[in-house]
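The stops below go from one selection to the next.

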Amino acid sequence: MKKGNLKPKKNINIEDVDLKITDDIENNKISNCESEYDKNNYTLFEKILLIVIVALVFSLFGYFIGKKANFANESYSTASKELQKFIEEYNYILSNYYDDIDEEELISSAIDGMLTSLDDYSEFVDSNFSIVLEGEYEGLGISVSSNDNEIFISQIYPNSPAEKVGLKQNDIIIKINDESTQNLTTTDLVDKISNLENIKLTILRNNEELSFELKKEIVVLDSVHWEMKEENIGYIKVDLFANNTYEQFKKALKDLENNNMKGLIIDLRDNGGGHLLAVENILSLFLNETHVIYQTQDKETIEKVYSTGNDDKTYPIVILQNQASASASEIMASALREQLSAYIIGNVSYGKGTIQSMQTIPDIGNYKITTKKWLTSNGNWINETGIVPDLEISLSEDYKKDPSLNNDNQYIEALNYLKNRD
């Protein structure tokens with residue numbers, strides 16, 4: 001329906017309706033309560049026929065409603081039979097186990113068991129996974145791990161409260177607000193921090209105890225890094241596709257293009273994927289709306305996902321990938337190669353051709369379950385086979401000894417490819 005055909009709605013007050021009826025009666029528009037049935041003075045046969053027709057209509061209506069209700073009851077009964085065994089065993093365990101049972105933990109374990117019977121990507125996810133995919137969170141800016149009953153800082157995020165006060169990677173956290181962390185798990189520690197505003201961490205560094213006062217702040221996780229290389233060749237490294245990766249990538253690309261970029265290297269090595277919307281938006285920076293960027297397939301249908309961009313980029317592009325480039329990274333690499341003739345250098349990618357959806361269980365946690373396949377823009381399924389690069393080359397021993405771009409032979413090959421193009 002066209003918008004021009006829509007009539008504005010009129011709000012009607014119930015008192016206005018009552019007045020309208022009163023006016024109609026007073027003006028003899030409604031004379032009395034005599035029905036059209038009495039006025040027409042139907043014969044006895046006609047009256048009986050009318051009653052029979054009405055009864056028949058209501059009988060048919062009742063029949064179909066009854067059929068629908070029976071179908072619903074049958075469906076419920078079938079579902080109940082399927083679940084009955086589980087419910088019986090669940091109740092038996094609750095009633096007969098010799099010790100106290102945490103019912104939430106029992107349900108969580110049951111769901112975990114169901115997920116284990118599916119593919120490798122259907123599983124519970126920890127809070128760190130959700131934080132990383134979100135791209136920002138309120139906290140201290142640290143990741144923690146445990147080893148030999150000790151909790152230590154495994155990562156410090158740039159511009160975070162932790163970095164500002166001088167905390168360092170591998171610091172062992174021995175106290176939080178003067179309480180020992182000896183019997184805490186990493187989950188316990190994260191839960192404690194999440195419920196506090198001002199935090200005092202006591203850490204052990206080189207056998208010396210140090211204390212730091214911190215206040216939680218919004219920590220933004222940078223997933224995009226870029227710089228202009230020699231001969232105006234741009235370089236963008238994408239660590240993962242989080243909720244804020246698109247804005248960071250857009251800023252990087254604009255900065256490089258404003259500085260007269262002649263060619264672009266997009267480094268997707270060790271990028272395990274992330275949000276599909278992020279990679280869709282990034283690809284739309286390169287391709288106009290006529291291009292398919294990937295396809296999805298569920299049990300019944302295949303759908304094509306198109307770019308929402310305005311223009312096709314004309315400068316040459318090289319993708320760097322390795323065995324750990326997966327999922328959204330593979331969508332990006334395949335779309336740019338199939339739709340924009342990008343050149344791929346490195347190793348065969350991971351080969352993850354499925355899509356997961358997140359589900360939240362209140363008071364228990366989050367899990368993801370595989371809901372669809374994804375296909376490349378040309379309709380290829382790369383699951384368990386990966387994307388074969390145009391130039392397959394592994395990192396050199398020199399890079400493994402000194403991991404810098406100067407020793408990065410994959411990056412050097414990409415640079416030379418762009419330099420030597422006509």
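Select Glu105, which is found in helix α4 (residues 103-116); helices here are DSSP runs of H or I of at least four residues, strands are runs of E of at least two, and both are numbered from the N terminus. This is a predicted model, in which local features need pLDDT of at least 70 and side-chain atom pairs count only at pLDDT 80 or more, while totals for chains, interfaces and linings use all residues. Residues are numbered from 1 along each chain as its sequence is written, and side-chain values use heavy atoms, with hydrogens and water left out.

Glu105 is exposed, with a relative accessible area of 52% (exposed is over 50%, buried under 20%, partly exposed in between; 1.4 Å probe, protein chains only).

**Stop two: the core**

Next select Phe249, Leu264, Ile266, Phe286 and Met332, which touch the most other members of the 38-residue largest nonpolar core (buried Ala, Val, Leu, Ile, Met, Phe, Trp, Tyr and Cys joined through side-chain atoms within 4.5 Å). Elements that each supply at least two residues of this core include β11 (233-238), α8 (245-258) and β12 (263-267). The most comes from α10, with six residues.

**Stop three: a loop residue**

Move to Asn260, in the loop between α8 and β12. Asn260 is partly exposed, at 44% relative accessible area. Show the C-alpha atoms of Asn260 and Gly234: they are separated by 9.4 Å, and the two residues are 26 apart along the chain.
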